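Q: I am new to this structure and would like to go through it step by step. Could we start once it is on display?

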Amino acid sequence: MKSFLIIGVGKFGNHLVTNFAKYDDIEIMIIDENEEKVDALLPFVANAKIGDCTNEEVVASLGVSNFDKCFVCIGENFQNSLEVTSMVKELGAKKVISLASRDIHKKFLYRNGADYVIYPDYDIAERMARKYSKENIIDYMAIDSEYGIYEIKPFDDCIGKTVRDVNFRAKYHCNIIGYKKDGKSHMMVNPEYVFNENEYLLVVSKNGDLDKIIN
């Protein structure tokens, strides 16, 4: 059982709670000073506390070191977000994931102890730009700043051939991790898989490498 602490249940924190609640192996605790917001999420969480998350005594009472991940979702007040991120890390949190509302916020949050920073506006914009910039790209998900998982149309010179025949990895510098057919994903493609124009490939690639191939 994983245990997550979510500090701040505004719009983003609320969505995070309700989505985590779909998984049986995740136990959630939330804290926010807004009683109404906390009460609305009680059916989805194991524990909840109403309190000022910028107060060190309040945060210390949560036992942050006992959680697998701590999410600092105070995007509307950057100063508070910085302070809480730093405080949670100093109190022994194993992994701190903080929410940023501006690009410059990311740098300061990392400097103040965040292990990972979520910047929804940038992440969504990057995904949309990659997804719609090329006709061959159906969908895209970033792994990090260098690599991504792409859903792409098979290249014309692959149709009717096997992965082995094409020598796909060596030729295109990307790895096939699966394919999609009729909206359903099929993983673990073997070398004898035959490329079909009615299916879509799921590949891992360096962003620049795949852009060159598609161009």
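Q: Which helices and strands each supply at least two residues of the lining of the largest pocket?
A: They are α5 (103-111), β6 (116-118), α6 (120-133), β7 (137-142) and β8 (147-152). Helices (H or I, at least four residues) and strands (E, at least two) are DSSP runs, numbered from the N terminus. On a 1 Å grid over the protein atoms alone, a pocket is an open set of points where a 1.4 Å probe fits, with protein on both sides within 12 Å along at least five of seven lines, and lining residues have an atom within 4 Å of a point.

Q: What should I know about the model itself?
A: It is a predicted model, in which local features need pLDDT of at least 70 and side-chain atom pairs count only at pLDDT 80 or more, while totals for chains, interfaces and linings use all residues. Residues are numbered from 1 along each chain as its sequence is written, and side-chain values use heavy atoms, with hydrogens and water left out.

Q: Back to the pocket: which element gives the largest share of the lining?
A: That is α6, with 6 residues. The lining has 22 residues, and Y116, D123, E126, A142 and I143 lie nearest the centre of the pocket.

Q: What is the lining like by class?
A: There are 14 nonpolar, 1 polar and 7 charged residues. Here Ala, Val, Leu, Ile, Met, Phe, Trp, Tyr, Cys and Pro count as nonpolar, Asp, Glu, Lys and Arg as charged, and the others, Gly among them, as polar.

Q: Now α1; which of its residues are buried?
A: In helix α1 (residues 11-20), the buried residues are G13, L16, V17 and F20. Buried means under 20% relative accessible area (1.4 Å probe, protein chains only).

Q: Why are they on the same side of α1?
A: They cover an arc of only 100° around the axis, the arc being that of the directions from the helix axis to the C-beta atoms. Among the elements covering them are β1 (2-7), β2 (26-32) and β4 (69-72).

Q: How many disulfides are there?
A: The count is 0, a disulfide being a pair of cysteine sulfur atoms within 2.5 Å.

Technical notes: Buried < 20%, exposed > 50% of the residue type's maximum accessible area, 1.4 Å probe, protein only. Contact = heavy atoms within 4.5 Å.
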